[in-house]
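Me: I have a structure to get through today. Can we go over it in short questions?

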Amino acid sequence: MITQEFINEFKTKKYDEIVSLKEKKFDPTKEELKLLYSVNKIKIKHISKLYGWSNSNKISQLIDKYGFDKWHLDH
């Protein structure tokens, strides 16, 4: 589970320094995505890289699926 401490550290890294959580791609849970995207306002492209995706379409689709309001146009 992603913690607030992890997010605080993640937010201070440059985009190129982000290392994905796992070698294998997996979907973030609704709560993880809520914490990352809705609460901490981390950009979709950064969340995508964290979860090992090279583009942000999957995260954008999950944001729509989970019903979160989009707060920026960064895809």
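Reply: What follows covers the model, its helices, its core and its aromatic rings.

Reply: This is a predicted model, in which local features need pLDDT of at least 70 and side-chain atom pairs count only at pLDDT 80 or more, while totals for chains, interfaces and linings use all residues. Residues are numbered from 1 along each chain as its sequence is written, and side-chain values use heavy atoms, with hydrogens and water left out.

Me: How many helices and strands does the protein have?

Reply: There are 4 helices and 0 strands. Helices (H or I, at least four residues) and strands (E, at least two) are DSSP runs, numbered from the N terminus. The order from the N terminus is α-α-α-α.

Me: What share of the protein counts as buried?

Reply: Of its 75 residues, 37% count as buried. Buried means under 20% relative accessible area, exposed over 50%, and partly exposed in between, with a 1.4 Å probe and protein chains only.

Me: Which residues have the most contacts inside the largest nonpolar core?

Reply: Leu33, Leu36, Ile47 and Ile59 do, in a core of 19 residues. A nonpolar core is a set of buried Ala, Val, Leu, Ile, Met, Phe, Trp, Tyr and Cys residues joined through side-chain atoms within 4.5 Å. Two or more residues come from each of α1 (4-11), α2 (30-39), α3 (44-50) and α4 (57-66). In soluble globular proteins, nonpolar side chains tend to be buried together.

Me: What does Leu36 touch?

Reply: Leaving out residues up to four places away in sequence, Leu36 touches Ile2, Ile7, Lys41, Ile42, Ile47, Leu50 and Tyr51. Contact means heavy atoms within 4.5 Å.

Me: Which residues of α2 are buried?

Reply: They are Glu32, Leu33, Leu35, Leu36 and Tyr37. Their arc around the axis is only 165 degrees, so they sit on the same side of α2. The arc is that of the directions from the helix axis to the C-beta atoms. The cover over these buried residues of α2 includes α1, α3 and α4. Just after α2, Lys41 has a positive phi of about 55 degrees.

Me: And which residues are buried in α4?

Reply: In α4 the buried residues are Ile59, Ser60, Leu62, Ile63 and Tyr66. They span an arc of only 160 degrees around the axis, which puts them on the same side of α4. Gln61 and Lys65 are exposed on the other side of α4. The cover over the buried residues of α4 includes α2 and α3. Gly67 follows α4 with a positive phi, near 80 degrees.

Me: New topic. Is Ser48 buried or exposed?

Reply: Ser48 counts as buried, because its relative accessibility is 1%. Ser48 is in helix α3. Apart from neighbours within four places in sequence, Ser48 is in contact with Trp53, Asn55, Ser56 and Ile59.

Me: Last topic, rings. How many aromatic pairs are there?

Reply: A search of the whole structure finds 4. Rings of Phe, Tyr and Trp (its six-membered ring) pair if their centres lie within 6.5 Å; planes under 30 degrees apart count as stacked, over 60 as edge-to-face and the rest as tilted. One of the pairs is Phe6 and Phe10, which is stacked, at 6.1 Å centre to centre and 10 degrees between the planes.

Me: Where do Phe6 and Phe10 lie?

Reply: Both are in helix α1, 4 residues apart, about one turn of the helix. Phe6 counts as partly exposed at 27% relative accessibility, and Phe10 counts as buried at 6%. The rings of Tyr66 and Phe68 have centres 6.0 Å apart and planes at 65 degrees, so that pair is edge-to-face. Tyr66 and Phe68 are both buried.
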